[in-house]
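Have a look at the model, then read on.

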Amino acid sequence: MEFQGFSVVSKIFRSAAESDAVWKRFLPSDYHSIISQSPSPLNYPSKKELYLALSDRPIIIDQGKKSFQLEKKSGKKCYMLAARVLSIIWGDTEQYWNWTTDTNSRFPEVAELRDVCWLEIRGVLNTLVLSPNTQYAAYLVFKMIDARGFHNRPVELSVNVFGGHGSTKIVCLDPNEELPHRRVEGLQRPNARSDGWLEIEMGEFFNTGLDDEVQMSVVETKGGNWKSGLFIEGIEVKPKEEN
């Protein structure tokens, strides 16, 4: 009799764990308007399956300008700004930058640096789209193929919330740490991602949930040397991982 009672209780808990009412709490309140922007319909039979799908892989929204994903552990929102919506100095001049495809990219095109001595990339995201009361970090997502001009030149990364906190750091974008040049020795370097790209943290900020803009930039204009072989997928903003 006790075993039967335990079995009934287990079924109740199992049913509750699968219910849409429970899993809807883990989804952001505006999830309908977000997923409606995806060019591919997201038809999942349950809220649990929708949550797991959104936390497993990003979806493209805003006519290919952004991607959206949920952090699996917390359900917090993650966004990536596509290279196409970033402000890239000389970005539309074929002599300096090229727009190409990459089979590992979530976006239809990425930016390929052909040759510049003035590197300046900027992105802006309204903080209202993010999860409130959350510590976020911004990451430059990129790769290097036959790159030159980065192994000995520091690059300035900055993250600023309009009217609030801001931070700037000096890093080396070259992932190769063998025989580092004295100018970049000891500087932060990028990490490899599971999707075939590199990422480097640009800075972090606390999102209060108020209507603000976070401004992010990648700048190297002081060295005067020519740089090439940098491929930009975008800038990703996601919850800061706790150490």
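This is a predicted model: local features need pLDDT of at least 70, side-chain atom pairs count only at pLDDT 80 or more; totals for chains, interfaces and linings use all residues.

Domain 1 covers 1–56 and domain 2 covers 62–239.

Q: How do you know that domain 1 and domain 2 are in contact?
A: Happy to show you: 10 residues of domain 1 are in contact with 11 residues of domain 2. About 890 Å² is buried between domain 1 and domain 2, and carbon and sulfur atoms give 56% of that area.

Q: What makes aspartate 30 and lysine 77 a salt bridge?
A: Their closest N and O atoms are 3.0 Å apart. The cut-off is 4 Å between a side-chain nitrogen of Lys or Arg and a carboxyl oxygen of Asp or Glu, so the pair qualifies. Across the interface of domain 1 and domain 2, the rule finds 1 salt bridge. On the side of domain 1 that touches domain 2, helix 4 (residues 47–56) gives the largest share, with 4 residues. By class, that side has 6 nonpolar, 2 polar and 2 charged residues.

Q: Why is phenylalanine 26 called partly exposed?
A: Its relative accessibility is 41%. Buried would need under 20% and exposed over 50%, so phenylalanine 26 falls in between.

Q: Where is phenylalanine 26 found, and which residues does it touch?
A: Phenylalanine 26 is in the loop between helix 2 (20–24) and helix 3 (31–35). Leaving aside residues up to four places away in sequence, phenylalanine 26 touches Tyr51 and Gly75. The C-alpha atoms of phenylalanine 26 and glycine 75 are 5.9 Å apart, although 49 residues separate them along the chain.

Notes. Residues are numbered from 1 along each chain as its sequence is written. Side-chain values use heavy atoms; hydrogens and water are left out. Helices (H or I, at least four residues) and strands (E, at least two) are DSSP runs, numbered from the N terminus. Buried means under 20% relative accessible area, exposed over 50%, partly exposed in between (1.4 Å probe, protein chains only). Contact means heavy atoms within 4.5 Å. Domain bounds come from an automatic or database domain assignment. Buried area is the accessible area (1.4 Å probe) that two parts lose on being put together, summed over both. Ala, Val, Leu, Ile, Met, Phe, Trp, Tyr, Cys and Pro count as nonpolar, Asp, Glu, Lys and Arg as charged, and the others, Gly among them, as polar.
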